[in-house]
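User: I am new to this structure. Please take me through the terms and how each one is applied.

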Amino acid sequence: MLTFEKLYSMGHEEVIFFSEPSCGLKAIVAIHDTTLGPALGGTRMWPYASEEEAIEDVLRLSRGMTYKAAVSGLNLGGGKAVIIGDPKKDKSEALFRAYGRFIESLNGRYITAEDVNISVQDIDNVYTETNYVCGVDKTSGGSGNPAPYTALGTFRGMEAGATKVWGERSLKDKVVGIQGVGSVGLELAKLLNDAGAKILFTDISEENIQRMKNEVSHSEFIAPEAFYGTNMDIYAPCALGATVNDETIPQFKCKLINGAANNQLKEDRHGAVLKERGILYSPDYLINAGGLMNVSIEFEGWADAKSRRMVDTIYNTTLNIYAISDEQNIPVNKAADVLAERRLESMKKIQTTYLGRGSDHRFPGSKVRHNKI
Ligand code: NAD
């Protein structure tokens, strides 16, 4: 059940339910933390078995967005939305436009984008009603497909991993195993190919396997069931979450795990297990933030070079996180949280300074200041 106790414990500011029976809209927006800026996060459409399940999902995902934006150096808060419904049956123009009107009513506290089961067409309908949406098509002035930027960020994280493990940034001759050669995996493979790495890959889609063979010809296919135990220097999960778990860890022969998939560790404790076994893990929510960085600049005018420059910072941030992990003797996944929380705390502190915006803003927070005296 959604209770204030739960919101306090997870740190959420606001949870809003949108309802429009005429088109069957049932949406929940969770705004986790806006210390750094407006809450940005995609909308997911899913046939949740219960409202309880939808609430759990939106609370968990929105909190994750706060950490992702904070660790990536973005001036954005964390938020996420879910629409309860069957994407095959329940989509309509009215539903997405009604949803867009509700987003508009939040006055920019929450900015949405695509997530699971939401298409560019759906987002275009949302965009008809509100400007608080990003990830719109390039032809409508948006930033287009985020996958190449996500792949670039994952590649920069991998270079940081190589620097830490082998003492040099270059990935030349490193054997990299990519699991999943979809939108991001294929782009990552191209970058690795240019860098002179040896590429192994697996997938379950015949179409994507064939496309990979055509576009990155110096690569070798490995059957999915044999993949975890295959000899490789770097394992790059780019398909599913939770592939680092009690069954797979004993099979790994790699020294570095660095991929784009979300939530790679099945449980938090698997970060500690990797550390014990001497396998370096690059924090997933930082190294796959290239797509988020890319959409974040839509509001100031998107440009490829600007986006790439921002994504390149993932190299140094990943090194910083490894350093925190060493200094505090904590797993890398925890060290990423430390860096995110440090930034949030320090930015909260500077917000106590009164900005003196003139007579219209003479009294904001006056009660608080009075109490302090
Ligand atoms: P995608 O659907 O285009 O590609 C996923 C690929 O994984 C497909 O080719 C699919 O056939 C393959 N796959 C699925 N199950 C598999 C299995 N059991 N074994 C091997 N291969 C399997 O998705 P994507 O956009 O490339 O995203 C990949 C991952 O990165 C996802 O976890 C996604 O959440 C995450 N991610 C993507 C972006 C982005 O910009 N697209 C941003 C952040 C995170």
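Analyst: Start with a definition: a polar contact is a pair of N or O atoms within 3.5 Å; within protein, one must be able to donate a hydrogen and the other to accept it, and residues adjacent in sequence count only if both atoms are side-chain atoms. A backbone N or O atom of A260 lies 3.3 Å from an oxygen atom of the ligand. The model is predicted: local features need pLDDT of at least 70, side-chain atom pairs count only at pLDDT 80 or more, and totals for chains, interfaces and linings use all residues. Residues are numbered from 1 along each chain as its sequence is written, and side-chain values use heavy atoms, with hydrogens and water left out.

User: Which polar backbone atom is 2.9 Å from an oxygen atom of the ligand?

Analyst: One of S183. For G182, a backbone N or O atom lies 3.5 Å from a ligand oxygen.

User: What surrounds the ligand?

Analyst: 19 residues, and the closest are T150, S183, V184, D203 and N208. A residue counts as near if one of its heavy atoms lies within 4 Å. The shell divides into 10 nonpolar, eight polar and one charged. Helices here are DSSP runs (H or I, at least four residues), and strands are too (E, at least two), numbered from the N terminus. α5 (147–166) and α6 (183–194) each supply at least two shell residues.

User: Why is S62 called buried?

Analyst: Buried means under 20% relative accessible area, exposed over 50%, partly exposed in between (1.4 Å probe, protein chains only). S62 has 0%, so S62 is buried. S62 sits in helix α2 (residues 51–71).

User: What does the side chain of S62 join in a polar contact of 2.9 Å?

Analyst: The side chain of H12. The backbone oxygen of L59 also lies 3.0 Å from a polar side-chain atom of S62.

User: What makes K89 and D86 a salt bridge?

Analyst: A salt bridge is a side-chain nitrogen of Lys or Arg within 4 Å of a carboxyl oxygen of Asp or Glu. The N to O distance here is 3.9 Å, so the pair qualifies. K89 is exposed at 67%, whereas D86 is partly exposed at 22%.

User: How many salt bridges does this rule give?

Analyst: The count comes to 26. One of them joins R44 and D57 (3.8 Å, N to O). R44 is in strand β4 (residues 43–46) and D57 in helix α2, 13 residues apart. Both are buried.

Notes: Nonpolar A, V, L, I, M, F, W, Y, C, P; charged D, E, K, R; others polar.
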